[in-house]
Amino acid sequence: MKRSDLVRLFALAAIWGASFLFFRVAAPVLGPLVTAESRALIGGLALLIYYRTAGVDLEFRAHWRAYLVIGALNSALPFSLFAFASMYLSASYAVILNASAPLWGGVFSALWLGERLTIRKSLGLLLGVAGVALVMRLGVPEPTPMLAWASAACLLATMCYSLAGIYMRKYSVKLKPQGLATCSLLGAAVVILPLLPLVPPNGPPTVAVILCVLALSLLCSTVAFVIYFRLIADVGPTKALTVTFLMPAFGMLWGALLLNEHVTLVMLAGCGLILLGTALVFDLLKFRG
């Protein structure tokens with residue numbers, strides 16, 4: 001990677017790692033659905049303005065069905081699930097569970113894309129599952145039923161990310177990255193919109209909540225998507241995926257510095273197992289012998 005690519009990679013990890021902190025502040029006040037809707041709608045509209053100004057044809061009419069499916073799987077469901085989880089889990093805990101997303105990608109690729117599940121990949125999956133189990137069982141000082149539901153929501157969200165990736169690889173190879181980023185966010189906003197009356201906000205937003213929503217929308221969606229797709233274009237999807245390895249470090253750092261969250265050795269050990277498993281699943285570790 002060039003130095004500029006490394007800067008983008010670290011910037012993206014720092015931004016997406018901070019998204020869990022912003023969820024942690026906004027969701028308890030706005031509720032999970034309003035938080036997710038705000039992120040998708042504002043972020044999508046900002047991208048729409050950006051690419052329209054640049055003269056990019058987003059091809060919405062030709063691919064609107066795919067954008068709705070991807071928007072539901074890649075944004076509407078995971079944004080809502082992580083927002084729900086953040087009402088009960090620390091940002092540090094959520095970002096560690098988020099790191100399991102590529103592991104599900106390995107499983108789903110074997111099931112639906114016919115990719116071979118080698119011994120190395122199988123070992124990676126086992127290590128990743130062990131890491132998740134360690135964090136879920138021992139990472140929280142006082143487990144409660146709601147913490148269990150919130151942890152399950154995080155894992156379900158990561159499954160949605162992986163399913164979205166499988167769908168895009170199998171059915172949406174012709175989509176422009178700019179259209180995919182913009183229209184999938186707007187599609188997510190459409191999916192969430194009719195559900196908003198089911199979970200109204202818990203109270204009026206404070207200045208801090210509004211700022212966190214804007215950060216989620218404009219920084220973690222608009223800016224992050226532009227950086228991410230530039231990375232994919234410059235270094236390829238596999239190297240761009242290494243952002244997954246950096247996000248937990250930044251997420252735990254922001255949580256400790258800004259929310260006074262406590263990071264335990266068990267959490268670090270579980271995170272390490274998940275990331276090692278991910279490296280094996282995606283052949284990011286090469287052994288000589």
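A residue is called buried when its relative accessible area is under 20%, exposed when that value is over 50%, and partly exposed in between. The structure described here is a predicted model.

A disulfide is a covalent bond between the sulfur atoms of two cysteines. For a pair to be counted here, the two sulfur atoms must lie within 2.5 Å. The cysteine sulfur closest to that of C212 belongs to C220, and the 9.5 Å between them is too far for a bond. For C154, the closest cysteine sulfur is in C160, at 12 Å, and this is again too far for a bond. The number of disulfides found by this rule is zero.

## The nonpolar core

In soluble globular proteins, nonpolar side chains tend to be buried together. In this model, the largest nonpolar core contains 81 residues. Within that core, W16, F22 and I96 are the residues with the most contacts. Helix α1, which covers residues 3-30, provides the largest share of the core, with 14 residues.

When neighbours within four places in sequence are left aside, I96 contacts V135, M252, M267, C271 and I274.

A208 and F22 are 186 residues apart along the chain, yet their C-alpha atoms are separated by 9.4 Å. A208 lies in helix α9, which spans residues 207-235. With a relative accessibility of 41%, A208 counts as partly exposed.

## A nonpolar patch on the surface

Nonpolar residues also occur at the surface, where F60, W64, L68, V190 and V191 form a patch. Together, these residues have about 410 Å² of accessible area.

Two helices, α3 (60-85) and α8 (177-192), each contribute at least two residues to the patch. The greatest contribution is that of α3, which supplies three residues.

Terms used:
Residues are numbered from 1 along each chain as its sequence is written. This is a predicted model: local features need pLDDT of at least 70, side-chain atom pairs count only at pLDDT 80 or more; totals for chains, interfaces and linings use all residues. Side-chain values use heavy atoms; hydrogens and water are left out. Patches are made of residues with over 30% relative accessible area and no salt bridge: like charges are joined within 9 Å, nonpolar side chains (Val, Leu, Ile, Met, Phe, Trp, Tyr) within 5 Å. Accessible areas come from the Shrake-Rupley method with a 1.4 Å probe; for residues, only the protein chains shown count as cover. A salt bridge is a side-chain nitrogen of Lys or Arg within 4 Å of a carboxyl oxygen of Asp or Glu. Helices (H or I, at least four residues) and strands (E, at least two) are DSSP runs, numbered from the N terminus. A nonpolar core is a set of buried Ala, Val, Leu, Ile, Met, Phe, Trp, Tyr and Cys residues joined through side-chain atoms within 4.5 Å. Buried means under 20% relative accessible area, exposed over 50%, partly exposed in between (1.4 Å probe, protein chains only). Contact means heavy atoms within 4.5 Å.
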